[in-house]
Amino acid sequence: RSGTNYTNPPSNPTQGLKRPRNETGNKVTVVLGAQWGDEGKGKVVDLLATESDLVCRCQGGNNAGHTVVVEGTEYDFHLLPSGIINPKSICVIGNGVVIHLPGLFEEAENNEKKGLKGWEKRLIVSDRAHLVFDFHQVVDGIQETQRQATEGKIIGTTKKGIGPTYASKASRIGLRVCDLLGDFKEFSTKFKNLVEQYQSMYSSLTVDTESQLKKLKEYGERLRPMVRDGVYYMYEALHGPPKKILVEGANAALLDIDFGTYPFVTSSNCTVGGACTGLGIPPLNIGEVYGVSKAYTTRVGIGAFPTEQLNVTGELLQTRGHEVGVTTGRKRRCGWLDLVILRYAHMINGFTAIALTKLDILDVLDEIKVGVAYKINGKRIPHFPADMELLHKVEVEYETFPGWKSDTSAARKWNNLPQKAQNYIRFVENHIGVPIKWVGVGKSRECMIQMF
């Protein structure tokens, strides 16, 4: 069935023809972070992108950071789907993504210097995506300064203007790609009004409106050939010839605006629902949902972190794992694997399989712990608490495993892994109730052991 029958009604509408049974169309594979981000999603996406026709981003902005290593070259992606390295795949930036145009073009240019070619021909941008302006980024910084002054604590945002842009969107004062590409006079008026609204809230905010508009007009023209109606584009992709479609989640379950450790979260839904709303695709077309988790836990910035190790173990994980944020350059906080979190992420996302990354970082440890339950006043609690005060108070119940004390970085098959490492992986798998499809033991593509 071609996907275009909505444009061709039957020639004689009075003939009550029986509709053909509706095949659901192509299924999309979704890759999501299962912890607090930085799990190595880029690597899993890259693995799958090599055979995908379409690679899509559905939420977040250039607050994400994915590093992909191809033939010894490290590419850094923030806004571009990391499938852009594959010359055979088309990349889509969906309506749920917020786009900082200077950031988009700068990122493309940086990666061009490293050898990325022909990206403009392979990038599709939804006309319904909201725009991040430079002043959103300034406001992001001002808000953090104010939080520090009033509450003595910050959220630890990337200051990329993501939160303020989603706030503009929810307040119905945001501007979208379609506005920029429409009547520019109209756009200029709306832009000036938006600036004034922010200036009335933040007296220290100064914006050179005319110079901004001049730049935006130029960016708009560069962007124009890439812009499509995202809903129709995705519909055609789902209902046309068979295609492999991949959705690349940014951020992670515990940073989700609804389900994360609020308020220390990002401002979008980085769980599976975001794939539907951020691209305009029905739940029926969601196929595999892959959760990505490290073999331990890390967190950037502020917020509760029950299994955090503020000791030599934490330091070892940080240095061995080179745990520094791609987007911010901040040192990541490190701790043991927390299965309470992974089970919680699975409840929300319904993972069909998991990728467990950076197993090799644990190679030198004498013993390895895994958090299996949270206790308050000595009593197990059955769920992941919404209340941060409560989460700060939980005591973690651990299961302890002997370390395998051998180098796993050369392993390429399950059988190459030491028995104790296999036991660790099987325990994790059984505890979450989701099969582990990949085990990562290093930085490059080849270091992902595929289990089935």
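1. Arginine 330 is partly exposed, with a relative accessible area of 26%, where partly exposed lies between buried, under 20% relative accessible area, and exposed, over 50% (1.4 Å probe, protein chains only). Arginine 330 is found in the loop between H10 and S13, and the helix and strand labels used throughout are DSSP runs numbered from the N terminus, with helices (H or I) of at least four residues and strands (E) of at least two. Leaving aside residues up to four places away in sequence, arginine 330 touches Gly156, Thr157, Thr158, Val300, Gly301, Glu323, Val324 and Gly325, contact being heavy atoms within 4.5 Å.

2. The model is predicted, so that local features need pLDDT of at least 70 and side-chain atom pairs count only at pLDDT 80 or more, whereas totals for chains, interfaces and linings use all residues. Residues are numbered from 1 along each chain as its sequence is written, and side-chain values use heavy atoms, with hydrogens and water left out.

3. An unreviewed UniProt entry places the feature "binding site" at Asp38, Val326, Thr327, Thr328, Gly329, Arg330, Lys331 and Arg332; UniProt positions are given in the numbering used here, feature names are shortened, and annotations may be inferred rather than shown by experiment. Among these positions, glycine 329 has its place in the loop between helix H10 (312-320) and strand S13 (333-335).

4. That loop between H10 and S13 also holds histidine 322, whose phi is near 45°, a positive value in a residue other than glycine. Histidine 322 counts as exposed, at 66% relative accessibility. Lysine 405, in the loop between strand S18 (395-402) and helix H13 (419-432), likewise has a positive phi, of about 50°, although it is not a glycine, and is partly exposed with a relative accessible area of 49%.

5. The peptide bond from tyrosine 262 to proline 263 is cis, with omega near 5°, and proline 263 is found in the loop between strand S10 (245-248) and helix H9 (273-279). For context, most residues other than glycine have a negative phi, and most peptide bonds are trans.

6. Strand S11 (residues 286-294) is mostly covered, with 7 of its 9 residues buried. Strand S1 (residues 28-33) runs parallel to S11 and is joined to it by 5 bridges, pairing of two strands requiring that DSSP finds at least two bridges between them; within this pair, glycine 33 stands opposite valine 292 in S11. S11 also pairs with strand S15 (residues 353-357), in the parallel sense and over 5 bridges, and the bridge partner of tyrosine 290 in S15 is alanine 353.

7. The largest nonpolar core has 73 residues, and those with the most contacts inside it are Ile286, Leu359, Leu362, Leu417 and Tyr424; such a core is a set of buried Ala, Val, Leu, Ile, Met, Phe, Trp, Tyr and Cys residues joined through side-chain atoms within 4.5 Å. Helix H11 (residues 339-349) supplies the largest share of this core, 6 residues. A second, separate core of 58 residues includes Cys91, Ala129, Phe187 and Ala355.

8. Leucine 359 touches Ala295, Trp404, Thr408, Leu417, Ala421, Tyr424, Ile425, Val439, Gly440 and Val441, not counting residues up to four places away in sequence.

9. Glutamate 71, placed in the loop between strand S3 (66-70) and strand S4 (73-77), is exposed, with a relative accessible area of 81%. The C-alpha atoms of glutamate 71 and leucine 362 are separated by 25 Å, the two residues being 291 residues apart along the chain.
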